Amino acid sequence: MFKLSPNFFILAFLLFCASFVSAQQQTTSVFDDSEWTKPTQPFRIAGNLYYIGTYDLACYLITTTEGNILINTGLGESVPMILANIEALGFKFTDIKVLLTTQGHFDHVAGMAEIPKLTNAKMMVHEGDAQVLSDGGNSDFIFGGNSGSTFNPITVDRTLKDGDTIKLGETKLIALHHPGHTKGATSFMVDVADENRSWKVLIVNIPSILSQTRISGMPSYPQVGKDYAYTLASLKKLQFDLWVASHASQFGLHDKRKPGDPYKPEVFVDRPGFEASINTIKREYDKRLRKRSEISLCANYKPWIVF
Ligand SMILES: [Zn+2]
């Protein structure tokens with residue numbers, strides 16, 4: 001039974017404001033996709049880990065005895081939806097204490113600046129994405145610069161390095177730096193437990209390669225190709241029981257689970273799906289590397305030398 005808590009009125013106000021926010025964030029609408037804003041049923045993935053995102057923009061809640069951890073927010077206009085999803089599962093969004101993200105792109109962090117206004121939550125992000133968060137995406141090596149900010153600037157309370165742990169209550173997450181897609185892209189490894197067993201869960205940032213990315217290096221990200229190679233190799237070595245990702249489509253959420261399905265963590269085991277996903281990106285990476293060598297071969301080709 002849904003009671004009209006004070007949070008309800010805050011949510012109603014947020015819904016009212018959302019139309020103004022989306023009107024202001026015109027830069028995001030260029031990339032918008034209806035699956036990004038469509039609702040989907042929130043549910044328990046495994047133990048104290050829950051899916052509370054939109055249809056495709058994956059957001060996660062990890063509940064602990066000391067408060068909760070929120071990973072990703074989706075778009076600015078998604079915030080009322082994800083907060084309502086938290087409440088629908090029986091939790092209070094005012095209990096969010098830690099904010100994390102898998103990558104500093106607007107489709108995962110655009111709502112983040114709103115959360116500390118409603119809670120006492122602290123933002124923790126890999127140092128590689130700290131600047132991008134602070135300037136609302138203006139320094140992003142692809143989306144920044146001429147197009148300006150793509151989301152409201154976020155105050156960063158703690159910067160993370162590869163292997164750092166984030167502890168809250170009995171839960172401990174390990175931050176895994178997986179750069180390339182953004183400079184500070186991060187996956188998280190966390191052990192969660194239910195009544196029957198514990199599960200090692202990988203919340204992965206699949207390192208998709210944007211069409212604008214030049215593997216040979218970009219002016220504001222010279223080592224991007226090297227970073228992708230590192231991330232692809234690191235992902236292959238990871239051991240886990242279950243995996244989920246930054247986008248629902250990346251881990252086949254809607255094929256694995258239908259709204260109303262009972263609690264069943266096993267559907268997210270799927271190591272072959274994980275391998276296939278990484279292999280697809282690796283093929284794209286290799287294709288772009290070949291293109292790069294073809295270009296440099298052409299550059300060295302001297303048609304006036306005849307043997
Ligand atoms: Zn992205």
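Lys200 is partly exposed, because 15 other C-beta atoms lie within 10 Å; the scale calls a residue buried at 20 or more other C-beta atoms within 10 Å of its own, exposed at 12 or fewer, and partly exposed in between, with C-beta atoms placed from the backbone. The model is predicted, so local features need pLDDT of at least 70 and side-chain atom pairs count only at pLDDT 80 or more, while totals for chains, interfaces and linings use all residues. Residues are numbered from 1 along each chain as its sequence is written.

**Around Lys200**
- Lys200 sits in strand E11 (residues 198-204); strands (E, at least two residues) and helices (H or I, at least four) are DSSP runs, numbered from the N terminus.
- Leaving aside residues up to four places away in sequence, Lys200 touches Met189, Asp191, Phe240 and Asp241, where contact means C-beta atoms, placed from the backbone, within 7 Å.
- Val190 is ten residues from Lys200 in sequence, and their C-alpha atoms are 5.8 Å apart.

**The five-stranded sheet**
- E11 belongs to an open sheet of five strands, ordered E8-E9-E10-E11-E12 with mixed pairing; strands pair if DSSP finds at least two bridges between them.
- Strand E8 (165-168) and strand E12 (242-245) are the edges, each pairing on one side only.
- From one strand to the next, the twist averages 20 degrees, with axes being lines fitted to C-alpha atoms (for helices, over the stretch in contact) and angles running from 0 to 180 degrees between N-to-C directions.
- Four bridges link E8 to strand E9 (residues 171-177) in the antiparallel sense, and Lys167 stands opposite Lys172 in E9.

**The E1-E2 hairpin**
- Strand E1 (residues 43-46) and strand E2 (residues 49-51) run antiparallel and share three bridges.
- Ala46 has Leu49 of E2 as its bridge partner.
- Two residues lie between the strands of this hairpin, and Gly47 takes a positive phi near 50 degrees.

**Helix H7 and its surroundings**
- Which residues of helix H7 (residues 127-134) are buried? They are Gly128, Asp129, Ala130, Val132 and Leu133.
- Those buried residues pack against helix H5 (106-109), strand E6 (122-126) and strand E7 (158-160).
- After H7 comes Gly136, with a positive phi near 65 degrees.

**The whole protein**
- The protein has ten helices and twelve strands.
- Of its 307 residues, 41% count as buried.
- Taking contacts between residues at least 6 apart in sequence, 64% join residues at least 24 apart.

Conventions. Contact = placed C-beta atoms within 7 Å.
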